Amino acid sequence: MALFDNTSGRIVVRIVYDGLAGAGKTTNLQQLCRFFTPVRRGELYTPEEVDGHTMYFDWLQLEGGIVAGHRLRCELVTVPGEAEFETRRERLLETADGVVFVCDSSDGDRDEMRRRLALVRSRVRGPIDVPLIIQANKQDAAGALPPHELAKALAANEIPIVPARASDGNGVREAAVMVIRAVADRVQQFIVAHGTDGLVGEATKPEELYRSMREGTAAVVTPSPTPSNPRRSTPPMPHAAAAAGLVWPSTTGRETLRALENEPIVHREDLAGRAGTDDGSGKSDSFVYQAGAWCLKTSSRRRYHDTDEARVALVRLARKKLALEQLLLPRTAATVIADDDGMHWLWTIAPWVTTLRGEMTNAVAARDQPALIAALCAFVDGAVQSLDLLPARGLALDVHPSNFARHDGRIVYLDDDVDESPRLLTLGHALLRRVDEYRSFEQAIDAYIEYAAAQLLPFLTSANAETRADVLDSIAGARPRTPAGLAARSILLERLESRRRRA
């Protein structure tokens with residue numbers, strides 16, 4: 001099933017290639033290795049075969065672009081075609097987020113094809129609807145049925161069908177792209193509605209899958225180690241008596257902690273697990289507290305079993321905060337506090353400020369277009385400053401309006417999520433998602449897109465070719481959900497390309 005792999009920071013989906021023996025499943029993956037460079041794919045892995053027949057599966061990993069602001073990784077997996085391996089096929093089908101059913105268009109065993117197709121339909125399941133397409137392979141063979149006739153013979157007229165000659169690569173990429181796009185659209189809809197929490201897990205390596213299938217064990221996806229019902233566990237509040245070496249910055253951080261003394265602390269449950277245009281954290285395991293003019297944040301993911309592990313996490317967080325330079329909110333601090341069970345919680349403490357999402361929400365409630373324009377343009381400023389961190393620091397921020405604020409005339413970044421990456425691939429989704437959200441405010445959206453183009457142009461003009469291509473690809477590859485978003489994507493790309501050419 002689709003999952004968000006915390007280890008790699010990617011959404012991982014599995015595309016299963018099913019079909020009878022000899023239909024061309026393995027050939028599809030072999031041809032995809034030719035179409036995609038090693039930068040976009042892994043090595044084709046076939047753990048066991050006999051006389052050219054797959055015994056367990058073939059495995060090919062592809063990088064699939066951006067979905068809902070997260071990088072997408074696709075596991076392309078074939079099933080063994082022989083009838084005696086039906087149990088192995090069923091296990092793989094049950095993990096599918098999308099299926100390509102490969103048919104030999106010249107094969108006369110239509111009854112077996114129909115039976116296998118019915119099996120596919122009955123076995124696929126998951127947190128998203130599972131797209132299914134048919135690849136009408138071997139169209140060059142004698143007696144091959146045209147795609148529409150093959151679909152009719154399989155009683156599958158409602159399923160998209162792609163003609164192919166996998167042996168020479170024809171129709172291979174088209175089938176893969178079609179199913180990946182369909183899966184990506186469904187995953188994006190799920191994340192917009194529910195966040196990534198419903199997709200938490202740790203991706204399985206192909207070697208682990210092979211071992212589990214040989215041993216007959218059930219695990220094909222390993223859940224991430226999370227506390228059982230973390231919301232029931234209340235973290236200990238941060239305080240100025242925190243142990244030496246567990247406060248950052250060492251001097252001013254303790255001053256910040258002393259500022260919390262005698263302040264009433266309120267648990268802001270309304271800011272955890274937010275989605276859509278709501279302000280707050282999109283993660284349901286977050287704890288947000290307000291202590292007067294201060295914001296206190298931690299989460300069940302930031303609990304550690306011993307002091308040394310917690311200290312390493314504190315140092316790592318401090319380094320990321322310092323790397324933000326001008327984007328760092330002044331008087332931000334961090335500390336580690338132990339609870340009665342001996343668990344160590346990592347806290348971030350910072351001044352309470354209104355996020356850009358909060359500004360947008362207030363502007364919408366007041367029907368104040370100028371205020372909405374100001375907040376949207378400030379969001380562009382934050383996104384562009386995030387781009388500036390790429391070549392200088394190799395850092396990629398979570399570009400979302402709940403993570404930025406205006407403070408003393410400049411933009412600051414509030415979130416603790418900072419990826420150590422030389423590439424920012426979420427920019428296009430982040431910018432165009434705001435168009436989908438505020439599309440009814442046409443004046444604000446028009447001003448926002450023009451401002452985004454004007455602010456991005458200087459960066460693109462001075463950036464190296466790889467970074468410039470990444471930014472433009474992230475915009476071109478974004479998937480807006482509304483006509484307004486699609487139109488804005490075209491306008492933004494046109495403005496950037498035309499202005500860059502003139503420059």
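Which residue stands opposite Tyr413 in β20? I looked it up, and Phe404 does.

**Entry 1: ground rules**

I am reading a predicted model, where local features need pLDDT of at least 70, side-chain atom pairs count only at pLDDT 80 or more, and totals for chains, interfaces and linings use all residues. Residues are numbered from 1 along each chain as its sequence is written, and side-chain values use heavy atoms, with hydrogens and water left out.

**Entry 2: the whole protein**

I found 14 helices and 21 strands. Helices (H or I, at least four residues) and strands (E, at least two) are DSSP runs, numbered from the N terminus. The protein has 503 residues, and 52% of them count as buried. Buried means under 20% relative accessible area, exposed over 50%, partly exposed in between (1.4 Å probe, protein chains only).

I then checked contacts, meaning heavy atoms within 4.5 Å. Of the contacts between residues at least 6 apart in sequence, 69% join residues at least 24 apart. The protein exposes about 22,200 Å², and carbon and sulfur atoms supply 48% of that. Accessible areas come from the Shrake-Rupley method with a 1.4 Å probe; for residues, only the protein chains shown count as cover.

**Entry 3: the cores**

Next I looked for nonpolar cores, which are sets of buried Ala, Val, Leu, Ile, Met, Phe, Trp, Tyr and Cys residues joined through side-chain atoms within 4.5 Å. The largest has 59 residues, and Phe379, Leu431 and Tyr448 have the most contacts inside it. Helix α10 (residues 369-393) gives the largest share of this core, 12 residues. Apart from it lies another core, of 34 residues, including Ala2, Leu60, Val102 and Val179.

What does Phe379 contact, leaving aside its neighbours within four places in sequence? I listed Leu356, Met360, Val399, His400, Pro401, Phe404, Ala430, Leu431, Arg434 and Tyr448.

I followed Met360 from that list. Met360 lies in helix α9 (residues 356-365). At 0% relative accessibility, Met360 counts as buried. Beyond four places in sequence, Met360 touches Leu372, Ala375, Leu376, Phe379, Pro401 and Tyr438. The C-alpha atoms of Met360 and Leu372 are separated by 5.4 Å, with the two residues 12 apart along the chain.

**Entry 4: two helices**

I turned to helix α11 (residues 427-437). Of its 11 residues, 11 are buried, so α11 is largely enclosed by the rest of the structure. The buried residues include Arg433, Arg434, Asp436 and Glu437.

Which residues of helix α1 (residues 25-35) are buried? I noted Lys25, Asn28, Leu29, Gln31, Leu32 and Cys33. Their cover includes β2 (10-18), β5 (59-67), β6 (70-78), β7 (98-104), β8 (132-137) and α5 (172-194).

**Entry 5: strands and hairpins**

Two strands pair if DSSP finds at least two bridges between them. Strand β12 (residues 265-267) and β13 pair in the antiparallel sense over 3 bridges. Here His267 has Tyr289 as its bridge partner in β13. Strand β14 (residues 294-299) runs antiparallel to β13, joined by 6 bridges. In β14, Leu296 is the bridge partner of Tyr289. The hairpin of β13 and β14 has 2 residues between the strands, and Gly292 takes a positive phi near 65 degrees there. In β13, 5 of the 6 residues are buried, so the strand is largely enclosed by the rest of the structure.

I went back to the opening pair. Strand β19 (residues 404-407) and strand β20 (residues 410-413) run antiparallel, joined by 4 bridges. Their hairpin has 2 residues between the strands, and Asp408 takes a positive phi near 55 degrees.

**Entry 6: rings and charges**

How many aromatic pairs does a search of the whole structure find? I got 7. Rings of Phe, Tyr and Trp (its six-membered ring) pair if their centres lie within 6.5 Å; planes under 30 degrees apart count as stacked, over 60 as edge-to-face and the rest as tilted. Phe287 and Trp345 form an edge-to-face pair, 5.8 Å centre to centre with 80 degrees between the planes. Phe287 is in strand β13 (residues 286-291) and Trp345 in strand β17 (residues 344-351), so the pair ties together parts 58 residues apart in sequence. Phe287 and Trp345 are both buried. Elsewhere, ring pairs link Tyr45, Phe57 and Trp59 into a cluster.

Last, I checked charges over rings (NZ of Lys or CZ of Arg within 6 Å of the ring centre and within 35 degrees of the ring normal). The charged end of Arg88 sits over the ring of Tyr56, 3.8 Å from its centre.
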